[in-house]
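Visitor: I would like to learn how to read the features of a model like this one. Please take them in turn.

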Number of protein chains: 2
Amino acid sequence: MTDTSLYGTPRSGPTADGEELLRRGTALVDPPLRAAVDRLHPSMAAVCRYHLGWDADASPTPVRHVAKRVRAALALLSVRSVEAPERFAAVAGTAVELVHQLSLLHDDIMDGDTERRGRPAAWARFGTGAAVLAGDALVVQAVATVFRAQAPGARAAMEELIGTVERMVEGQAEDLALERCALREVSASRYAHMARGKTGALFGCAAALGAVLADAPPPVVRALRGAGSDLGVAFQILDDVLGLWGDGALTGKPVGTDLVRGKKTLPLVLAATADSAAGRGVAELLDSVPLPRDRVPEVMRRLAAAGGRERAEEAAAHQVASALAALDAAELPGAVRQEWSSLVDCLSRRRR
Amino acid sequence: MTDTSLYGTPRSGPTADGEELLRRGTALVDPPLRAAVDRLHPSMAAVCRYHLGWDADASPTPVRHVAKRVRAALALLSVRSVEAPERFAAVAGTAVELVHQLSLLHDDIMDGDTERRGRPAAWARFGTGAAVLAGDALVVQAVATVFRAQAPGARAAMEELIGTVERMVEGQAEDLALERCALREVSASRYAHMARGKTGALFGCAAALGAVLADAPPPVVRALRGAGSDLGVAFQILDDVLGLWGDGALTGKPVGTDLVRGKKTLPLVLAATADSAAGRGVAELLDSVPLPRDRVPEVMRRLAAAGGRERAEEAAAHQVASALAALDAAELPGAVRQEWSSLVDCLSRRRR
């Protein structure tokens, strides 16, 4: 299991390839993404450039974050998996990135997150109205990007995109619904359903869309979509873990924010459903929403005693193993299969 | 000019036809619209049903409002104008209505409007997050509706829809930008540009989309789109006028709301750009944003003295005349041309 664990020891294999995939994916997607933003109304383009960290005041290195580049790398692997031209990866990666940015813009409003990556969120900087509208502008560009693609599978790709955004909305709606539930009412499977929509759907789309554009055989597309979706769920779990035990300076999000707000993150869900005094204690403490800041240390102690982190990490590792198994079953060319493993390694090492 | 004026004496002609078009358009569009909402996640469907007045608590008669049914009637006239099957009107009207409802959901958030049609706006009732997300869900359904249409012009119809939403976003962005300007900086042509995007684009789409789906000749499509767009601008101007001089009990929006908030409505723009003491007075008073409620009567007096209402009504009449001229040039079948005139009459008589 070691070499498939999202949190295991880094493989001794070709780990540089993962970085190269992230770099190359971003290089493919960045120009058409910028072109799409340039086509917007100037005031909307300004909101999007700020949000994307493309403005003059942004820190010069945000693009190095693995989390920011993973979808583009998945789009690249999607076409490499079926030996299709890279231009399909550019189209797929651009559409996926536009949808991703739309979801971040709107999610920050929904969650009331005033900060993103260490500076004011777009809505906090430009107003809720401008951020809502900028998101609407981006989704139209995503649709236009796929719809106008010159590709044999363009029609199926539009269906892929439509279904993806539908599942994302459902996942986000589930997430909103979960916030209103008591922690003990939330099962691990309900969490998984939410995460598969909220994060898995777009990862699955990123991993499949290039192959769909290339009109690849349906079983391969299904395997890629499934693997991407599993990786997305693992990614969401890692986000949950980083939100509790990560370095706020790296993640750009103060540790404990999710906790105070009553987000049903997986470590909490698994601790609360564990049959232990510590687990029941976590559930009881979390009955207060918002949780008073001074109760955070006690929650963290009980969470540790209930094994919340380990259980969540196991669940993530399980998702990663499932993703790799799907890729194995798809019988991809050996070199590409290796690249998938290297990308998974990169994801496993991210700390923000 | 009388029979083309949006505010003129009602024509003695077949005015019943306008009502019939509104009724028949709604009957065509309502079932697929409900089906689209039924496909959403239950929590999103609940937001949309409330917003659309389909919930148990809604007043039983809101569907009688002309404003709520005009887009469906335009979609019907679109296909009648080119003698195409009504099923294209159902597709077009559904997509247009989904986009319209998205824009209302998001606009209420942007404008901070806590009420719509006499009860809490969706965001005020369900939270900003749920209303943002419900809008996102609707735009995807609109795209899916047109994309999956079985019609010779389905591809061109997708382009029509994409371009329409792009123009709406631009118009809305302009509207947000205008709110931050001093009244005297806003010219009538800048207002017209904003209104053509914000309201004209979707009216134009409603009037064209059915014909586009039917693969009608481009010159006819252009005439229908242009006429719809002109009628949309006239409709927006009438909205502005009703917001200042209408009956708040009928419009569901307290009179003076736009004024207090600093909305650059056309009567204000035209008064402020008139070379008169009253006009300059209006501009000066409106320098205070938000305008204190107790200054509203003075603004209204000066606005009347500067002829703000008459000038706006003239501008609306000009748009209507332009729409009818475009329809004349398209050489539609005589009976359909009559129907267009009856619908315009219905629009001109609306008081909410």
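**The interface**

Guide: The contact between the chains (contact means heavy atoms within 4.5 Å) takes 33 residues from chain B and 33 residues from chain A. This is a predicted model, in which local features need pLDDT of at least 70 and side-chain atom pairs count only at pLDDT 80 or more, while totals for chains, interfaces and linings use all residues. Residues are numbered from 1 along each chain as its sequence is written, chains are lettered from A and ligands numbered from 1 in the order in which they are written, and side-chain values use heavy atoms, with hydrogens and water left out.

Visitor: What area is buried between chain B and chain A?

Guide: The size of an interface is often given as the accessible area lost when the parts come together. Here buried area is the accessible area (1.4 Å probe) that two parts lose on being put together, summed over both. Between chain B and chain A the value is about 3000 Å², and carbon and sulfur atoms give 72% of that. On the chain B side, B:His41, B:Leu133 and B:Phe147 supply 21% of the area buried against chain A, more than any other three residues.

Visitor: How many salt bridges are there between chain B and chain A?

Guide: A salt bridge is a side-chain nitrogen of Lys or Arg within 4 Å of a carboxyl oxygen of Asp or Glu. The count between the two chains is 2. A:Glu159 and B:Arg148 meet in a salt bridge at 2.7 Å, N to O.

Visitor: Which element gives the most to the side of chain B that touches chain A?

Guide: Helices (H or I, at least four residues) and strands (E, at least two) are DSSP runs, numbered from the N terminus. α6(B) gives the most to that side, with 13 residues. The side divides into 19 nonpolar, 7 polar and 7 charged residues.

**Within the chains**

Visitor: Which parts of chain A does the pair A:Asp113 and A:Arg261 tie together?

Guide: The side chains of A:Asp113 and A:Arg261 meet in a salt bridge at 2.3 Å, N to O. A:Asp113 lies in the loop between α4 (86-111) and β1 (115-116) of chain A and A:Arg261 in helix α11 (residues 257-261), so the pair ties together parts that are 148 residues apart in sequence. Both residues are buried; buried means under 20% relative accessible area, exposed over 50%, partly exposed in between (1.4 Å probe, protein chains only).

A:Glu179 forms a salt bridge with A:Lys263, the closest N and O atoms being 3.3 Å apart. A:Glu179 and A:Lys263 also belong to a network of salt bridges with A:Asp111, A:Asp175 and A:Lys198. At 6% relative accessibility, A:Lys263 is buried.

Visitor: What span should helix α9 of chain A have?

Guide: The expected span is 1.5 Å times one less than the number of residues. For the 28 residues of α9(A) (residues 218-245) this gives 40 Å, and the end C-alpha atoms are 40 Å apart, which agrees.

Visitor: Is B:Asp215 buried or exposed?

Guide: B:Asp215 is exposed, at 54% relative accessibility. B:Asp215 sits in the loop between α8 (188-213) and α9 (218-245) of chain B, and its phi is near 60°, a positive value in a residue other than glycine.

Conventions: Ala, Val, Leu, Ile, Met, Phe, Trp, Tyr, Cys and Pro count as nonpolar, Asp, Glu, Lys and Arg as charged, and the others, Gly among them, as polar.
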